[in-house]
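Here is a friendly note to read with the structure open beside you. Take the points one at a time and find each residue as you go.

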Amino acid sequence: MAQFNIGPGLKNAIETYQLPENLMGFGNTMAPVMATCTYENGKWGEVTYLPYGPITMYPTAKVLHYAQEIFEGMKAYRVNGMGPYIFRPEENFLRFNRSAERMAMPHVPQDIFMQSVFDIVAYSANFVPRRSGESLYLRPFMYAAEESLGIKPAEKFVFMVIASPSASYFSGGSGLSVYIERENARAFPGGTGYAKAGGNYAAGLAAAIKTKQMGFVQTLWLDAIHKKYIEEMSGMNVFVVVNNELLTSKTGDTILDGITRKSIITLARDLGYTVHERNIDIDELLVDIKAGKCTEAFACGTAAIITPINYFGDISGDRFPLHYPDGKISTELREKLLAIQEGRAPDKYKWITPVEPKSV
Ligand code: COI
């Protein structure tokens, strides 16, 4: 069984922390506590809870050169005086270790992953934002800490959990504009696209610059081979509504197996919608938007929740506006999902787990 320790200064850090009234969007405000645990000589050590702060590493730490790093995104909610609740943490745990396998990293044992996440929420219970749509965003991650420039899998790793009291990922509320990236690819068959590895996100950043220069907010990736089928949007999955049926790309080794995505599929089917998981040809989709058959589209992910897409566009300069830019089915699904996540609706799927607040 793993050991869990309180490090110096944590009590004071938590007792003197003030949650800002305005959260400055997503991921900019940090909770005062973090968990850290080192893997060395083939085994995991003790977990220590420390005040949130800088970490030290040698310039030769392999993560800085060879990008051996993975992460997860999870949320805790505390709305209407209920909670904190964590949403589907065991799914994040399983996906974390699938990413670890792909990136030649050790599995993090379930007790270390789960208890670190739950303790970070328990110590931060007073800092979980209370407004609907806001949450404590949790970021478990692991990096290769071995000090050597040799290109071989590391043997020393650090697992950490940090947390950010966060408002919505997208501010403004006017829907997303999405740029269809027809040149570069994010992932390819046999690659790492399905893993939540930092390098996958870095690979999307040049396109993010182009996307912004073209006046859009998000990049939509197509498959690397045919440049034809919709994959995902770097930090989130995508759904479209065609003839009142929901379509989303089938996941495989190039697309992240989103937990919000799979929750939406379950919810939508229960609400009576037909949901297809299959290849979506981008050019057929644009024809369907013009013909009024595709009426809405939305992004989904832990951070994004469900965010309607306003219009698609590409290098040609053409714009393809959706009939329901503020969502219709997506608004219904967002409300149903958030109500479960925030504990406002019966949890018939057993998706949320309460956390007992703790003091140091
Ligand atoms: C999440 O939704 O948790 C993600 O990991 C997306 C992120 C890159 C903000």
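1. Some ground rules come first. This is a predicted model, in which local features need pLDDT of at least 70 and side-chain atom pairs count only at pLDDT 80 or more, while totals for chains, interfaces and linings use all residues. Residues are numbered from 1 along each chain as its sequence is written, and side-chain values use heavy atoms, with hydrogens and water left out.

2. Start with the overall layout. The protein chain is divided into domain 1 (4–166) and domain 2 (176–325), with bounds that come from an automatic or database domain assignment. The contact between them takes 19 residues from domain 1 and 18 residues from domain 2, where contact means heavy atoms within 4.5 Å. The C-alpha centres of the two domains lie 28 Å apart.

3. Now find helix H3, residues 89–102. Helices (H or I, at least four residues) and strands (E, at least two) are DSSP runs, numbered from the N terminus. From first C-alpha to last, the 14 residues of H3 reach 20 Å, close to the 20 Å expected at 1.5 Å a residue; the expected span is 1.5 Å times one less than the number of residues. Among its buried residues are Phe 93, Phe 96 and Ala 100. Buried means under 20% relative accessible area, exposed over 50%, and partly exposed in between (1.4 Å probe, protein chains only). After H3 comes Ala 104, with a positive phi near 55 degrees.

4. Next, follow a group of strands. Strands S12 (residues 237–242) and S13 (residues 245–248) pair in the antiparallel sense over four bridges; two strands pair if DSSP finds at least two bridges between them. Phe 239 has Thr 248 in S13 as its bridge partner. The two strands form a hairpin with two residues between them, and Asn 243 in the turn has a positive phi of about 50 degrees.

5. S13 has another partner to look at. With strand S14 (residues 275–277), S13 pairs in the parallel sense over three bridges, and Leu 246 stands opposite Val 275 in S14.

6. Is Glu 146 buried or exposed? Glu 146 sits in the loop between strand S8 (135–144) and strand S9 (157–166), and it counts as buried because its relative accessibility is 14%. Leaving aside neighbours within four places in sequence, its contacts include Thr 60, Lys 62, Lys 152 and Pro 153.
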